[in-house]
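Subject: Structure handover

Hello,

Here is the structure we talked about. Please open it first, then read my notes below.

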Amino acid sequence: TAALQATAFGHVTQRLVKEMVAQNKIIRKQAYHLLSVLSEVTGKTIPEIMEPHKGILADMIPPKKHLLRHQPVNTQLGLMDGFTCCTTLKPRLFS
């Protein structure tokens, strides 16, 4: 069961990391809140929880495939808000 828990934890945290750059502000806030709850429960920092999924955000922030200005406004806001959150974490997730 420990392997199943680790797998499930990885899937959940991966989804929450993806939602950190969601278009909807409420979803972004809830994703961060749930990451902070997981941080308290596991005794790890939020960046430690997000670290295995850092590559997902690295592809999105800033967008590598498309210019930011070509994205809809809601997407731009989500990306920039997610980037700001990741750079203000202690320790920082991105430099």
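Start with the contacts across the whole protein chain. Take those between residues at least 6 apart in sequence: 56% of them join residues at least 24 apart. Keep in mind that this is a predicted model.

Next, the overall layout. The protein chain has five helices and zero strands. Along the sequence the pattern reads α-α-α-α-α. The radius of gyration is 14 Å, which agrees with the value near 12 Å that a compact globule of 95 residues would have. Along the principal axes, the C-alpha atoms fill a box of roughly 45 × 25 × 25 Å.

Then the surface. The protein chain exposes about 6,300 Å², and carbon and sulfur atoms supply 60% of that area. Of the 95 residues, 34% are buried.

Now to one helix pair. Two packed helices are described by the angle between their axes and by the distance between the axes. Here the pair is α1, residues 2-19, and α2, residues 25-42. Their axes come within 8 Å and cross at roughly 145 degrees. The crossing of α1 past α2 is left-handed. On the α1 side, the contact is made by F9, T13, L16 and E19. On the α2 side, I27, R28, A31, L34, L35, L38 and T42 take part. By type, the residues of this contact are seven nonpolar, two polar and two charged.

Two residues of that contact deserve a look of their own.

E19 sits in helix α1. Is E19 buried or exposed? E19 counts as buried, because its relative accessibility is 17% and the cut-off for buried is under 20%. Leave aside the neighbours within four places in sequence, and E19 is in contact with I27, R28 and A31.

R28 lies in helix α2. R28 is buried too, with a relative accessible area of 9%. Which residues does R28 contact, leaving aside its neighbours within four places in sequence? They are E19, M20, V21, A22, Q23, L77, G78 and D81.

Best wishes

Technical notes
Residues numbered from 1 in each chain as written. Predicted model: local features only at pLDDT ≥ 70, side-chain atom pairs only at ≥ 80, totals over all residues. Heavy atoms only, no water. Helix = DSSP H or I, 4+ residues; strand = E, 2+ residues; numbered from the N terminus. Buried < 20%, exposed > 50% of the residue type's maximum accessible area, 1.4 Å probe, protein only. Contact = heavy atoms within 4.5 Å. Axes fitted to C-alpha atoms, helices over the stretch in contact; angles between N-to-C directions. Left-handed = near helix turned anticlockwise from the far one by under 90°. Nonpolar A, V, L, I, M, F, W, Y, C, P; charged D, E, K, R; others polar. Rg over C-alpha atoms; globule rule 2.2 N^0.38 Å. Areas by Shrake-Rupley, 256 points an atom, 1.4 Å probe, with all protein chains shown as cover.
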